[in-house]
Every structure is written in C-alpha cells, then in structure tokens.
Amino acid sequence: RAEEELRRAALVYQTSSEGMAVMNAQGDIITINPAFTRITGYTLDEVKGHNISLLNSGRQGPEFYDGLWHTLDQKGRWQGELWNRRKDGSLYAEALSINTIFNTDGTPHQRVALFSDITQRKTHEELIWNQANYDSLTGLPNRRMFREHLDQSLATARDTEQRLALLFLDLDRFKEINDTHGHDAGDLLLQTAAQRLRSCVRESDMVARLGGDEFTLVITHWHDEHRVEELAQNLIKRLAEPFHIGKETEYLSASVGITLFPQDGGDTETLLKHADQAMYAAKRLGRNRWERFTPAMQEAALMRSRIARDLRTALADGQFWLAYQPIVNLRTGHIHKAEALIRWQHPIHGHISPATFIPIAEEAGTIQDIGRWVFETAAHQVKAWQTSLHPDFQISVNKSPLQFRDTAQRGELWAQRLERMDLSTHSIVLEITEGLLMDASDATREHLHQLHAAGVQVALDDFGTGYSALSYLHEFELDYLKIDQSFVRHLHGASKDLALCKATIVMAHELGMKVVAEGIETEEQRQLLRHAGCDYGQGYLFARPLPAAEFQALALAHNRLADLRHHRLGVSTD
Ligand code: C2E
Ligand code: MG
Ligand code: MG
C-alpha cells in the first residue's frame, strides 16, 4: 500500500498543472516537476543547485523578499502573488505558496513551492485598473485618480506642514474648434494640449484630465506663491502656441483658477470649490488668463447660487414684470416702438437688475422659460397697443443666445405663435447680440433664417461692444442696428465717437438696415444723431423703462404732440 501511495504521489507531481519545486532550507533547488519547466522554461539540469531567486524579476523590491523569508522562518509557510522572470526574459505573474518540512528538532529541512501562472488574470486586472484611473485619450490620470492623489497629497502636506497648489484649467474655445474641425481633430488637440501641460511641470506634479476640456494640476513643493502664478502664466503661454490640425493652424487659449493650501482652504472639497470659482472668475474677466481665489469670489458664488435658486420659483410666483422703453422716431418724434425690459421684484431683496440675473438664468437654464414668458407677455401687450397707440406698433424683446439652442423655440414657431394671436409677424422684433453671431452654429443660422423668412425682424443689440466683425452685417439678415450706449454717452460736436456713429449709420443704411441709438440722455446727443441720419433713438432723455400703463400715457401724449408738429412744420421736428 505504501508503494501504491508513493506511485500516486509521483503521478500527481508529474502531471500537475501547477509548478512545483523542492528546495533545501535556504531555497536552493533540489528538484522540479514538468509544469515548472512549462511555466518558467527552465529544465531540471538548468536549475538544480541554483537558488530559487534565479526567477526574480526585479518587480518586487528587497523588502518584499525580506518579508517573505521572515514569514517562512516564523510560520513555516508563505502564500501570495508575485512577478517572476522566465528563462526567455519575459515576465509572468504567479500565485505561489511555500511550505516547510521540518526536522525532528524543529529546524527547517526542505521547502516545497507550489505555483500557478496567473499572468492573464493579472494583465486583465491591470487593464481594468488603468481604465479606471487613466484617461484613455490623453493618458493622463482621470478624475478618480486625481481625487485620490489630491486626498493623499493633502494629507501629506498637512502632516509635513508643506504647501500645495491646486489649479483648474479650462480651454476657452475648444467646443468651437471641435464643432468646426470634427471630433478627430478635437481629440488630437486635447492630446497635444495634455502633452504641453505635462511639459510645464515636474515629474512629481500631477496633471489630470477631469473630462471634456477641463484639466487640473496638483503642485507640491513650492515655496513662493509667485512661482505658482508664473506656472499658470506659463501654462497659458504654452497652450497659446499654434496647433496644427492637418493643413490648418488653430489657436487655443485657456482660463486658469489657482487655489493654495493652506491659505485658501484646508480640505479637498473647499479647495476644489475655490479652484473652480477662481477659474470661473478668469472666464468672466475675459478668458485667456489666470485668477487666484479670493474670498469675494466665494461670496459672489454664494449670491449667484441663491439667485439661481430663487429664479426657479420667481416665474410661477409672478415676480417678473416687463418695463417698456420708448424707441422714438428721430425724424418725426413718434413713438411706434418700444423695447421690453424684464424686471424682477424679489420678495426679500427688492429690485434685481437683469444685468445681474440674466447671466445666472442662462447658466442655470431657467432662461428658456423666462424667455418664453417675455415673448408671450410682450405679444399680448403689442396687440393692445396696436389698437390703442398705432396699428403698426412694434415691441422689441431681448433674446438670449441660449434660447437659440432650445428647439422648442425654433424661429418658425415664434412666427406661428404671433399668427395664432392674429398679429402680424412684424409686431415683435428680436434683439440679439454679437456673441450669438460669433459662435453661430448651423442650427443658429437656420433659426435666424427661419425668423427672417417668416417676417420676424431682428435687431443687433449693443453694436460696437463685441467683436463687431463687419462680415456679420451682410452675412446675417438683420433689420436694425442698435448703436451701444457707450458710443452715445460721450457724444459731442467734436468727439471721435461722433465720427464712429456717423460711419456706422452710413454703413448700416448702405446694407439696408435702420439704426437705433441707445442711451440718449441729452438734447445735444439727440440733435447730433438726428443730423447724422440716425433713424431711431432710445434713452432717458425720452423716458426710462416704464410700467405698461405709464408707457401708454406717455406715448399717447408724445404722439399727439408729434402729430401737431408734423402738421405745422412738415417733416422736421426741430
Ligand atoms: P439692453 O437690451 O441693451 O437694454 C438697454 C439697457 O439700457 C436697459 O438696461 C435700459 O434700462 C438701459 N438704458 C436705456 N436708456 C438708457 C440711458 O439713457 N442711459 C443709461 N445709462 N441706460 C439706459 P436694463 O433694463 O437694466 O437691462 C440690461 C440688459 O439686460 C439689457 O440690455 C439686456 O441685454 C438684458 N435684458 C433685459 N431684459 C431682458 C430680457 O427680457 N431677456 C433677456 N435675455 N435679456 C434682457
Ligand atoms: Mg436690448
Ligand atoms: Mg443694448
């Protein structure tokens, strides 16, 4: 029976798929089984008498082996996973267990190693780990790894009283480039941008991609705040260098927010929030720049989020109303047009300016509902005034660029809505800004075209404050040009602004547009603009934006006077 058992043991030893090695107490190999040869490539002759460390790959450090031998000496057995090297030099992962056979006096006699090849599983695990921690496009750490790294770095910085800087970086015009050149070009751009960012920092600093065109940097071991600011400047400079996409050259800029530990926050969440606020400030201050976090940013952000919250209920709660400001015909003095300007009566904070809340409503998405309400309200008002004031009375409403992205507010639908109310499509004028034309997507172009085709007129608001590319003026079908009040404000006989206004008026007329001057506050301004051929004027000189009833009274009186003058003096109103 003993012989039978020995034979069976030998059979197991010979045919096992697990590699086995029998060693002396120090790990010198006495014998191996065929699976050992299959896995490692070494035959018995090649390894007999050699130490098992012959298989070491170098992937584990000396501490690892110290621990292994220590455990073996203490407990007699060790179990774990490690990387070894085959005879052909390639690495493989194995799950290994080592047991000790003891002499009668308790000293180790021999050791038996049993292992199986787990390379596939390991590679797979590594792949999954990489996918979970790295961004596949740029190869940079992703959001998850960044968070882990930031938490760790922060803990270390706290323990060692070191400083740390957290930078948020957002590419400014990426979406535009992605839209015009396609996604492959966009990907290439992001990869190049990632490399450039990486080249600006040291090995020990982290550059991660949070997603989209957002990057973040964790900078440790710096002593002077100016160094961090210099770095931010440098990042912006590197990104400003031309990008080559196929045969074309494109330019990018970036906005960077800086926050420092411990000055600007003590924990991860605070630092993240503040870095984001600083970046947001950089964007709002004109992009292509960096900003350091300040407590005022935190206050402003708090206020914005309160306003955003209150905006959600303001509409249903009836807190909005429309004020109307006359747009006066400068030749005849008649008021047959008005601009509708939204007013918000907040239950606690009182009047909040549209200049404050419209950008927040745009960001929060509430602008869509607000815009629809403005349109509906103005449409009802214009219907009333076409009866009581003038059959061709027109109201202008301001339309946010965001509303052009809402398919529910497509151009033709606006026209249909007016027709259903038995109004001519000329009753409402839409005021848009240059920003819309600058970033105009195909959908926006289509939208504007539909409006024009349906007979809804469009006015270009605040002309002269944006980029004022003259090509927009004939590329898009515009009916009115509104000269911004910043040109009207300092208008006097010899001013350069007068030359600009005159030139604008001539150009607009040549292109078939009427001109409205905004912000007329003095009689002199009115006279100068009228003589320059400006068609319409709007401003405090005539009236401030008024509640509907007051507007109607004013317009009635004004128009009666204009009629009288008109009869007596012909066309002139002087
Ligand atoms: P805007 O469309 O350029 O409107 C003209 C602004 O100039 C109004 O400010 C008006 O009150 C002001 N204004 C008129 N005449 C004078 C003047 O003689 N002197 C001075 N200093 N200012 C004058 P308001 O009502 O505060 O509106 C500010 C901006 O908010 C508007 O500029 C417009 O861009 C936006 N906005 C107003 N209502 C709406 C709306 O219903 N929807 C959207 N999307 N934006 C709106
Ligand atoms: Mg306007
Ligand atoms: Mg304006």
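Metal donors here are N, O and S atoms within 2.8 Å of the metal (3.2 Å for Na, K and Ca), and since water is not among the atoms, sites may look incomplete. This is a predicted model, in which local features need pLDDT of at least 70, side-chain atom pairs count only at pLDDT 80 or more, and totals for chains, interfaces and linings use all residues. Residues are numbered from 1 along each chain as its sequence is written, chains are lettered from A and ligands numbered from 1 in the order in which they are written, and side-chain values use heavy atoms, with hydrogens and water left out.

**View 1. The magnesium ion (ligand 2) and its protein donors.** Look for Glu339 (OE), Asn398 (OD1), Glu431 (OE) and Asp461 (OD), which lie 2.0 to 2.2 Å from the magnesium ion (ligand 2). Along the sequence, these donor residues follow the spacing E-x58-N-x32-E-x29-D. Glu339 sits in strand S14 (residues 335–346) and Glu431 in strand S17 (residues 428–432), so this pair links distant parts of the chain, 92 residues apart. Strands (E, at least two residues) and helices (H or I, at least four) are DSSP runs, numbered from the N terminus. Are these two side chains buried or exposed? Glu339 counts as buried at 3% relative accessibility, and Glu431 counts as buried at 2%. Buried means under 20% relative accessible area, exposed means over 50%, and partly exposed is in between (1.4 Å probe, protein chains only).

**View 2. The magnesium ion (ligand 3) and the residue that bridges two ions.** The spacing of the donor residues in sequence is D-D-x55-E. Which residue bridges the magnesium ion (ligand 3) and the magnesium ion (ligand 2)? That is Asp461, and the two ions lie 4.1 Å apart. Asp461 is buried, with a relative accessible area of 7%, while Asp462 is partly exposed, with 25%.

View 3. Side chains of opposite charge can pair when their charged atoms come close. A salt bridge is counted when a side-chain nitrogen of Lys or Arg is within 4 Å of a carboxyl oxygen of Asp or Glu, and by this rule the count comes to 29. Glu4 is partly exposed, at 38% relative accessibility.

**View 4. A salt bridge between Arg147 and Glu269.** The side chains of this pair meet at 2.9 Å, N to O. Arg147 lies in helix H6 (residues 143–160) and Glu269 in helix H10 (residues 268–284), so the pair ties together parts that are 122 residues apart in sequence. Arg147 is partly exposed, at 29% relative accessible area, and Glu269 is partly exposed too, at 46%.

**View 5. The hairpin of strands S1 and S2.** Two strands pair if DSSP finds at least two bridges between them. Strand S1 (residues 19–24) and strand S2 (residues 29–32) pair in the antiparallel sense over 3 bridges. Which residue in S2 is the bridge partner of Val22? The partner is Thr31. The hairpin has 4 residues between its strands, and Gly27 in the turn has a positive phi of about 95°.
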